[in-house]
Amino acid sequence: MANVNKVILIGNVTRDPEVKFTPKGSAVTDLGLAINRTYSVEGEKREETTFVDVELWGRLAEIAGEYAKKGRPIYIEGRLRMDNWEDKQSGQKRSRLRVVGENLQLLGGRPGGSSGGGGGDYESEGGAPQRSSSRPSSQRPSAPPAASEDDDIPF
């Protein structure tokens, strides 16, 4: 049987991320995400907020630390991971489900009110996060030539 572990989230950053580095020099950051859902019950509008912890590694962690500020909308793609540990004070076994981000896209306008697009799209491939490449406009395929009246198209 096939298994799938894929999460796609869009929400607002709950706190400015703090980038830390492992002893081997890999960047890591934890990002808090608030995801709002609006729904109606018997005509009454209600809203619920779900808070999700997202862990980012490598270049994605660095990008988040620089650009993903509190309140900014962000798209995260990743996988679920269960963390298990024993509480040192009580001795109880604890667990937490979190998202390990493998792709992020900054949404909304640029901070400071300047215009110019909706942020960047970043991916992690094989542990080396990279900015997703898109072809420059000069390399994009052009529109097909307009059909002339001579074309014999039966529909």
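## Before we start

This is a predicted model, so local features need pLDDT of at least 70, side-chain atom pairs count only at pLDDT 80 or more, and totals for chains, interfaces and linings use all residues. Residues are numbered from 1 along each chain as its sequence is written, and side-chain values use heavy atoms, with hydrogens and water left out.

(Strands are DSSP runs of E, at least two residues, numbered from the N terminus.) Asp83 counts as buried because its relative accessibility is 16%. For the cut-offs, buried means under 20% relative accessible area, exposed means over 50%, and partly exposed is in between, using a 1.4 Å probe and protein chains only.

What does Asp83 touch, leaving out residues up to four places away in sequence? Its contacts (heavy atoms within 4.5 Å) are Arg94, Ser95, Arg96 and Arg98. The side chain of Asp83 also makes a polar contact with the side chain of Arg81, at 2.9 Å. A polar contact here is a pair of N or O atoms within 3.5 Å; within protein, one must be able to donate a hydrogen and the other to accept it, and residues adjacent in sequence count only if both atoms are side-chain atoms.

## The salt bridges

Side chains of opposite charge can pair when their charged atoms come close. A salt bridge is a side-chain nitrogen of Lys or Arg within 4 Å of a carboxyl oxygen of Asp or Glu, and the structure holds 10 of these salt bridges.

One of them joins the side chains of Arg98 and Asp30, at 2.9 Å from N to O. That pair links distant parts of the chain: Arg98 sits in strand β6 (residues 93-106) and Asp30 in strand β3 (residues 27-41), 68 residues apart. Arg98 is buried, at 5% relative accessibility, while Asp30 is partly exposed, at 37%.

Another brings together the side chains of Glu55 and Arg81, again 2.9 Å from N to O. Here, Glu55 in strand β4 (residues 44-57) pairs with Arg81 in strand β5, 26 residues apart. Glu55 is buried at 8% relative accessible area, and Arg81 is partly exposed at 26%.

## How it joins up

Back to Asp83: its side chain meets that of Arg98 in a salt bridge of 3.2 Å, N to O. Asp83 lies in strand β5 and Arg98 in strand β6, so this pair ties together parts that are 15 residues apart in sequence. Through shared partners, salt bridges join Asp30, Glu55, Arg81, Asp83 and Arg98 into one network.

Methods: Helix = DSSP H or I, 4+ residues; strand = E, 2+ residues; numbered from the N terminus.
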